[in-house]
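I opened my notebook to look through a structure step by step. Here is what I am reading.

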Number of protein chains: 2
Amino acid sequence: MAKVTIQDVAREAGVALGTVSNVLNHPERVRPATIEAVREAMDRLGYAPNQSARLLAGGKNVTFGLVLPRLDHGFSLQIANGAQTEAHRNGYDLLIANAANSEALEDRYLAYFKGSQVAGVMMQPMADRFWRPAAPGPVPMVYLDVHSDAPGYFVGADNEAQGRLVTEHAIERGARHVAVFGQTEYVQLAYRASGIGRVAQDNPDVTFEFIDEGARNLARDGYEIGRRLAERPASERPDFVIAVTDVLAIGAIAGIRAAGLSVPEDIRVAGGDGNPLAWTGGVSLTTIAPPGYEIGRRGVQFLIEQIEVAKLAELTGEPVDRTVNRQAVVRSFLLARTSTGMKPLPGSNPDFDLGTYL
Amino acid sequence: MAKVTIQDVAREAGVALGTVSNVLNHPERVRPATIEAVREAMDRLGYAPNQSARLLAGGKNVTFGLVLPRLDHGFSLQIANGAQTEAHRNGYDLLIANAANSEALEDRYLAYFKGSQVAGVMMQPMADRFWRPAAPGPVPMVYLDVHSDAPGYFVGADNEAQGRLVTEHAIERGARHVAVFGQTEYVQLAYRASGIGRVAQDNPDVTFEFIDEGARNLARDGYEIGRRLAERPASERPDFVIAVTDVLAIGAIAGIRAAGLSVPEDIRVAGGDGNPLAWTGGVSLTTIAPPGYEIGRRGVQFLIEQIEVAKLAELTGEPVDRTVNRQAVVRSFLLARTSTGMKPLPGSNPDFDLGTYL
DNA sequence: ATGAAAGCGCTAACAC
DNA sequence: GTGTTAGCGCTTTCAT
């Protein structure tokens, strides 16, 4: 129970306190045999270095913090996984905090990370039109899935491109009557819709129908709309359906089938955000590669960039420019699959199968 | 850039250092007007208390750590959400670490949390037959989804009961020929299968068929098996299918439908782990309530229990018993739904719709 | 490679 | 209520 300190280890190993510290932080300064003895003493005593003391004494922290608005959302999970992978690849650890849809908790975790002297903090702010970044603080900070003209680092997806790519694909597949649906209250989804609208304007010969309903973007909302569209007389029925999210799209596929039509033979369906949780059984969904993972990776890279800049500034003695505004946009690309009549690739990526989320 | 300390705040507010500390930790000892002035100074300076210094000086940590083996698995997410909710309800924060399937990372995060003097640590160990808990350390610790006779706190699901409940439901629904399938390599799933087997023994008049294939428990594995079963001649065809996981079950439903039969009219289907990510479109799946959420909640309660015990021991001066073995088993209950011919409840829980995981 | 010592920012105990 | 001070465990620096 009594906590083991570096002193105890030193005594047990018969060396000086400073030597134990060196084994931990600068092993190259210590003779191998000594290292061995010290390590053994640590194991014997079950020693775990006190992080607080380490940090307070000026040790370097190799941990990043990530504040997510929720943990039951595929997009945020993609971010978490991308960030974890990239952080680990660069020798950093990652701690994740779930703000559980509460702005108070979001602030709390943010302050906690800052106060913990982590090497950097990433945050996906709660979706909100009025959101503003905080003033630059003492630790590197990156905002994910949002943009701003204020000083800071921002990584987002090109939502308009996501909409554009899917729509261009529809045209290429010979669509004559396209139905677009999904709740576009969120800024990100509105951009997706705008990309779709842009391509629509460029193709006046194709009929576009925008269904703007009080859908909450749940699978069952897509189901209802899909069923309704499929029950129309053939002449008024769309031959291509675009949903702004994958979850809506799989709902639509189920609804179309429930009405007795088939996908992609009668109606083709595409989603828009590469959500690996969206699985329809039998027919794989055409969508856009999941940008969350890449956003997480890019966020970590921005963090490391800030650390490098700060290190350099410290060497040259020049102050860091606190007013820079850096923005990264993650590139989107289409994943064309069965639901729009494409043949599945032989070695298709199992990452996009719901099964991995068992 | 220069970090703001409690000293700076004190100077800015024109009070003593100790007063600022009191505003932070014992506001009741400070006059309201003073509190106000200090708070204002904090805001003006952008002060964030240094957690390391706080902890090192003996402050109480109100943060729990949770080490998960992966973040792309519904069960672990249930745990994270349950733990977060219960922790928050009790005034604690929760930090999540993703070991990303690496035992080295698992150890690393565990050591980090211990060294960070968090108030308690929960860990869902990587599924492994040879797993043993670590020796009791200085911080409260709870292991999730595993059991052991070694000293420690353990919270798990009653996997055998999960299998038993589903199978009893099958009998009640009039099943005559039950097909059971799923990869039972993991200990947890083997227990589920054993619960099924137990009920099978008690009902010799019902035919049970155990399909033990090299399935990886992905949705597409369930799809193949479901299709194959449905294509059998009617006399050899099961009238009830039990999959050890929900993901397999939804795959099976899709497969059965692809073969031209319908669920639940021709074949009834049940899953076994209440995975909210399993969504089939149209027909809702009979399954067992998701135990992950409850396991996370129970884990936090065990952590708090250990903290209480330690507090009490400190008061009485008696040493804490380090050899106790406490085990909690999360109760399972059936969610009977359309896939086994039950009528959906009018106000059915939206939590179990994939849509919330959009 | 060792031993001694300063000090990181804060909390809690103390005297005022 | 306020101001002062010891010391938490560690890293780093400096002399040896």
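How many residues of chain A are in contact with residues of chain B? I found 60 residues of chain A in contact with 60 residues of chain B. Two residues are in contact if their C-beta atoms, placed from the backbone, lie within 7 Å.

I noted the ground rules next. This is a predicted model: local features need pLDDT of at least 70, side-chain atom pairs count only at pLDDT 80 or more, and totals for chains, interfaces and linings use all residues. Residues are numbered from 1 along each chain as its sequence is written, and chains are lettered from A and ligands numbered from 1 in the order in which they are written.

**Entry: the two chains**

I listed elements that give two or more residues to the side of chain A that touches chain B; among them are helix H5 (74-89), strand E2 (93-98) and helix H6 (103-115) of chain A. Helices (H or I, at least four residues) and strands (E, at least two) are DSSP runs, numbered from the N terminus. I sorted this side by class: 31 nonpolar, 22 polar and seven charged residues. Ala, Val, Leu, Ile, Met, Phe, Trp, Tyr, Cys and Pro count as nonpolar, Asp, Glu, Lys and Arg as charged, and the others, Gly among them, as polar.

I then laid chain A on chain B. A turn of 180° and a shift of 0.1 Å along the axis give an RMSD of 0.1 Å. The two copies are thus related as by a two-fold rotation axis. In chain A, A:Ser52 comes closest to the rotation axis, at 2.0 Å (C-alpha). I also saw that 100% of the interface residues of chain A are interface residues in chain B, so the copies meet through the same surface.

**Entry: DNA strand D**

I counted 27 residues around DNA strand D, with A:Ile6, A:Ala53, A:Ala57, B:Ala16 and B:Gly18 the closest. A residue is near a strand or molecule if its C-beta atom, placed from the backbone, lies within 6 Å of it. H2(A) gives the largest share of this surface, five residues. By class, I found 13 nonpolar, 10 polar and four charged residues there.

**Entry: a sheet in chain B**

I traced an open sheet of four strands in chain B, ordered E7-E6-E8-E9, with parallel pairing. Two strands pair if DSSP finds at least two bridges between them. Strand E7 (207-211) and strand E9 (268-270) of chain B are the edge strands. Four bridges join E6 to E8 of chain B. B:Val178 stands opposite B:Phe240 in E8(B).

How values were computed:
Copies are superposed by least squares on the C-alpha atoms of residues with pLDDT of at least 70 in both.
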